Amino acid sequence: MKKHICIIAGLCAAFLALTACSDDFLEVKNPTGEPLEEYYTTEETLNEALTAAYAPLHWPDWDGTAYNDLTVDGEIMGDDFWVGGSDNTDNQHWHRLFNFEADGNNTLATLWGDFYSGIKRCNDAIKYASWDGEASADFRRSMEMQARLLRVYYYNILWHYYGNVPFYLENLSQPYTAPQMSADEIYNKLLPELEEIIASNVLPMRWPNAEAGRVSQAFAYMLYAEMVMYQNDQARYAQALAYMKQIIADSNYKLNPSFYDLWQESGEWCAESIFEINYNDDQAQRDWSTSMAAGGTVFPTLCSPNGWGGGEGWDSGNDGWGFLPMRVEAYNMYAENDARRDVTCWDVRGYSYTERYLARQVSPPERQQQGLPDLQEPEL
Amino acid sequence: MKEKRLLSLLLTVMLAIAAFAQNQTFTGKVVDPNGEPVIGATIVQKGTSNTTVTDFDGNFSINAPAGAELEITFVGYGKQTVLAGNDMHIVISEDAELLNELVVIGYGVQKKSVVTASIAKVSAEDLAGKTRLRAEDALKGLAAGVNVISSSGQPGSQSMIRIRGIGTINDSNPLYIIDGMPTDQYGMESVNPNDIESIEVLKDAASGAIYGARAANGVILVTTKKGRMGKASINYDFSYGWQSAWRKRSVTGATDYAILQNERRVQNGLSPLYQDPYNLVDANGDKIVGFGTNWQELLFNDNAPIMQHDVSISGASEKVNYYLSLGYFTQDGIVGGNFGQSNYDRLTIRANNMFNLIDATKERNFLNKLDLGTNLSYMRVHSTGIEANSTWGSPLGSALYLAPTLPVTLRGAVAQEMMDRYSAFDLYKDENGNPYTIPGFIGSYQEQNNPIAMMHGNPNKNWSHKFMPKFSVDLQLYDALKYHFTYSAELSFWGYSGATLQEYYLSGNNNADHTSAVSFKGNNSTWQVENTLTYDKTFGKHTIGVVLGQSALKFKGDELGGSHWYLVNPNKPSINYTTGGDLEISTDADGKMTGATSLVGVWGGPYTEHRLSSLFARVSYNYDERYMFQATVRRDGSSRFGSNHRYGVFPSFSLGWNIMNEKFMEDQRDWLNNLKLRFSWGKNGNDNIGDFAYTTMTTLGNTSNYYFGQTGAMVYGSKANRLANEDLKWEESEQTDLGIDFGFWNNKLTFSFDYYIKKTNGMIIEMPIPSYVGEARPLANVGDMENSGVEFELGYRWNISDAHFHLGGNASYLKNKLKNLGNDTGFLNYGISQFSDGGTRAENGQPFPFFYGYKTDGILQNKAEADAYNNMYGTSSNPGDFRFVDTNGDNKINSDDRTNIGNGVPDWTFGLTFDVDWKGFDFGVFFQGVHGADVFDATYRQDIASGNYPTWVLQRWTGEGTSNTVPTLGDSKNWVCSDMYIQDGSYLRLKNITLGYTLHPSLTNKIGISRLRIYGRAENLFTWTKYWGFDPEIGSGSTSLGVDYGIYPQARTFTVGCNLSF
């Protein structure tokens, strides 16, 4: 009996020893991704991370959840425009804000997610720029400053619309919370950061045409002036004025002799333009379901008269939705001979269309969720 | 061929040897328990091919050596063994087999009498005739606790199988093991149900624990057939059936449609469209008579054929055991099958062999037996399919919406007008050259298409091949210690080829402005190596069994796809035979380049590998078959787990007490033969958690791209893919089971009851952290789900003279609760396509998933009621509108009043089988049903202005007292997501009714046929349900369970067939 047990036990032990697998067996490679430290080491890959930090700039107009185009957001609390749309439940959050009836469920909620994503990507870009690698020191410095300036811009939007927001300059880890700071505290954190970026003089006053879209020193000056004035920070007024004079004196920037030309495709990135958010419908990856991809913008559709068929340069079949109509009183504030009036305002009273429309951007090839219009019923 | 020769040689040798032994002729008689002679019982000299059959008087004679073992078998009775002697008188007994029945458990078998875990067994007999394509479908109604929900009636469609409830919001599919090889439902597709010996469902944690990290949702063990000792048995089965839809949806005809259309327009402030609903003229100018165009009638393919051929050859001797089979199955769908749009055909080949290489058991005690086994199977499938459950333009969905006033095709001037409007396209035309009506041309139909026109499209042709080889070695090492080695593999190759043959136009989002060809191929390979040591021995009253094992598994695969525009010849579509180059440049009038379009598409790459490395052990002990104990532990390491939790340990134990075998029960033994109490507890895991979830990697996604430059050039970006959670591990399921089994009168009546609680801990979902973290939240094990329920199983066999009856039934009750979702809000909306304000949802404290929407309480009948309602809640409703319920009591009717309005998971599932056989006739009935499930009827979309109506809309409110269930047609606020769409989905289905006749063996034996049975069968003959839709069984996707978008129904099939055995 004992002999039996010994033999059996011995065989079992040998069995286990011979057949177990090593730990290496369980290591597998990811076919479509790399560990971060191994990847972000060259100028090319670092530029990818920086591009990802720029991407959220174009999300707000439609990010898959809500329409929060910054132009519209900036106007609805004023009195130059109505909100528009079909009724007061159409983009309800804008109507509620306009009437000072906003609540927790009806605010510019998606700006929060969009710009915190931007902040997170900027923080990552700054971190990668600090790693050792093949990229030159100049490149990494420029990348760091661009990411820091973008980050100030993203916080600026959140600061404008929300005031007291969570603030962090390094990405969060467990337990993933950040302290909420008051608007003034945030201002006092952002301005020194902005001043440091300006003082470093790393960013050019204006980027070459091929790099248009990147944040520049002039952009930093404008952001400085805007924040200083919004905060009524009188101590910094003089400095802001000095920056503005610098821009005026700079040979890279001058006024465009034709106001009208500013809003044409040919006027994009003209001498008067300091910063623009790029949209394009050629090579566009953006669509209703892929709203965060690069592509066109929905703003022209948002603010065109409802049912408008589209003009030159529009893909066929798009129509307007009738948001942000201008109030007659605002129109009447222009003098009769003010060259800006007819370029800025599209007078559709009496349905006489003019082709001089605010064709600043070209719209995306929007996919219609609806079929062809009903032949027998006019659209309401 | 070689096998056949070897077999013949062995047989000859054996016969020769037998001839040298002392042979005598022995006679005997076989009777049944009532004393009646048994005709056609088989008597075999054990271990030889020496057999004979009893005659009309039950007498037989056989030439055998004195004292040789003779086995007597007859259909429906247990096998009996006697020693050859003079004037044998044998009484066959039905229960011998049942008492010694074996149950397959993971890595072994166990006698049913000592099983302590909760295992449901379905034998080949139970399976026969219940399913043709997928074996797991046969579990529906046959195994308590197993819920099988068809996803649709489309040929080849997979059912959704849930064992003891939905365990997690993530992947709740059970693990399938085919002859020891772990696989999924795609692997099950390759097993011909005719080749299955038994299916065991391991329901509780104790039985599943030996599969550790993959067993949280239950395990389905499939064992394929082996040869039986004796002469070779050759079987041929054939069946041919006719399938039709068992019900069509009731929708309004032309006149009612026109009336409702006018009414709705008037209520919305527009003018009516149809001047005279009783005298309608269609777009072609033809007068519409009666119903108008009955789209469903036109679309359903009645009497669609379904056919099956199966051949199997099997046999065994002491040295060789073989089972070979060939099966061919083909089915046309009842929607689109006649156009080649919904068809399926499968070929299966199987060869199971076992060779005994060394048998020295009589000479020595070590290394004395060596068996080699090979199971090889091959499957090839060709299929086409249509969208089976969708309101966004599927064929059946569209058939519900198209107005009966629409003609199928247009002719003459109006046809020309349509073709002019769509002159850029090449429209589908019928055989007379008339174009099919485009719904959007006549009315406003959103994405609905002309279903008959859709049938003329070119479907993607899907194909797949699967090989599943298995090699095993069994070596008896020493005494009762055995070593078992298996190498199994699953090699799959699949793909599709498709082409757009013309620039068709069906609707705004279903059209093509260029022809193209596309082709896709993928392949997977999985191999598994397992070494096990087993030891089974009985020492006096103690029986002990030990299993020690090791297992390693590796999965890898890759895919490749390509496409190209502009076919040269639509009759020969392929990627190489296209024109146009790779890039198409567009220029304006001045020749300046305005854009470029790529004509080539290509994608492909490897899949992430998956590897598993495991060690397991099991001990089973019983004392005198009275007290049983079993414990299992398994340690699994998976490549999906991060280094913090690389290995998971899954323990379990179970206890059993055979009260029946106690001394104090001796007096009861004549009527009570089985009384067993069982208890089990264990932990299993679910490792389907996605790959690399525990770490951060780079990702190139299109959310990282931006335009730079004055001309706006795209620059591609990349970023970290997510926030990582290094502690991420498997979802763990802990289950406790308590069961009791009864057997009365030698198992004539059996009854079994189980109660279980299954808790899933650590369900994986995004961590509940604030969104200002700026990135997709890391996944974490934070959720909890609980399923509990009871299961009942009943069986009763009895005889009346020479008729044998069998009644079997099972019922299960399930209660599911999502205790804690674990994310930040405590709920997750899954939605139902056309509703933005409700749908299916997961929420803390509710069953998962459930339907979420407003509750209604009748209709406001008059102004007084409307005013009272408006005053109370600040709404602006009119008579004819719904009275919504203020569920949260805040005196406001708003989105906070949405609540649980039903759910698609049934409370009770049950099945009932009844079989009779008498004098060669056999008759069987099988009922299956569920109770307590709701269906969300999402087939009526308010936003399709010209859409047809289900007839229940005719009951809309038109004045005081006319309706309290359906509101007025106009106002869209009545048609929000509410309990108006919830219907009772309980049903009882006569799933299977069969009548067969087996010709008397003495007749057929003359032509060498040992058995010929012909039969007729009806499937899904009747369904009793309150639900008015196509089918109350809608199992597509675990979060849209029970949502009917126009589901492709299961067919009612009439079949005739025959079974031949040689």
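This is a predicted model: local features need pLDDT of at least 70, side-chain atom pairs count only at pLDDT 80 or more; totals for chains, interfaces and linings use all residues.
Residues are numbered from 1 along each chain as its sequence is written, chains are lettered from A and ligands numbered from 1 in the order in which they are written, and side-chain values use heavy atoms, with hydrogens and water left out.

A cavity is a set of points on a 1 Å grid over the protein atoms alone where a 1.4 Å probe fits but cannot get out, and its lining residues have an atom within 4 Å of a point. The whole structure holds 16 cavities of 30 Å³ or more. Two or more lining residues of the largest cavity come from each of β19 (320-332), β53 (987-998), β54 (1011-1025) and β56 (1051-1061) of chain B. Of these, β19(B) gives the largest share, 3 residues. Strands here are DSSP runs of E of at least two residues, and helices are runs of H or I of at least four.

For the second largest cavity, lined by 18 residues, B:Asn147, B:Gly165, B:Leu814, B:Pro906 and B:Thr909 lie nearest the centre. The elements giving two or more residues to this lining are β11 (146-150), β12 (159-163) and β42 (803-820) of chain B.

| Cavity | Volume | Lining residues by class |
|---|---|---|
| Largest | about 590 Å³ | 9 nonpolar, 15 polar, 8 charged |

B:Phe742 and B:Phe751 form a tilted pair, because their centres are 6.0 Å apart and their planes stand at 35 degrees; planes under 30 degrees apart count as stacked, over 60 as edge-to-face and the rest as tilted. B:Phe742 is partly exposed at 23% relative accessible area, and B:Phe751 is partly exposed at 27% (buried is under 20%, exposed over 50%, partly exposed in between, with a 1.4 Å probe and protein chains only). A cluster linked by ring pairs contains A:Trp112, A:Tyr116, A:Tyr155, A:Tyr162, A:Phe167, A:Tyr168 and B:Tyr772.

Helix α6 (residues 109-129) of chain A has 21 residues and spans 31 Å from first to last C-alpha, close to the expected 30 Å. Of the 21 residues of α6(A), 18 are buried, so the helix is largely enclosed by the rest of the structure.

Note on methods
The expected span of a helix is 1.5 Å times one less than its number of residues. Rings of Phe, Tyr and Trp (its six-membered ring) pair if their centres lie within 6.5 Å; planes under 30 degrees apart count as stacked, over 60 as edge-to-face and the rest as tilted. On a 1 Å grid over the protein atoms alone, a cavity is a set of points where a 1.4 Å probe fits but cannot get out, and a pocket is an open set with protein on both sides within 12 Å along at least five of seven lines; lining residues have an atom within 4 Å of a point. Grid points are joined across faces, edges and corners, and a volume is the space filled by probe spheres set on the points. Ala, Val, Leu, Ile, Met, Phe, Trp, Tyr, Cys and Pro count as nonpolar, Asp, Glu, Lys and Arg as charged, and the others, Gly among them, as polar.
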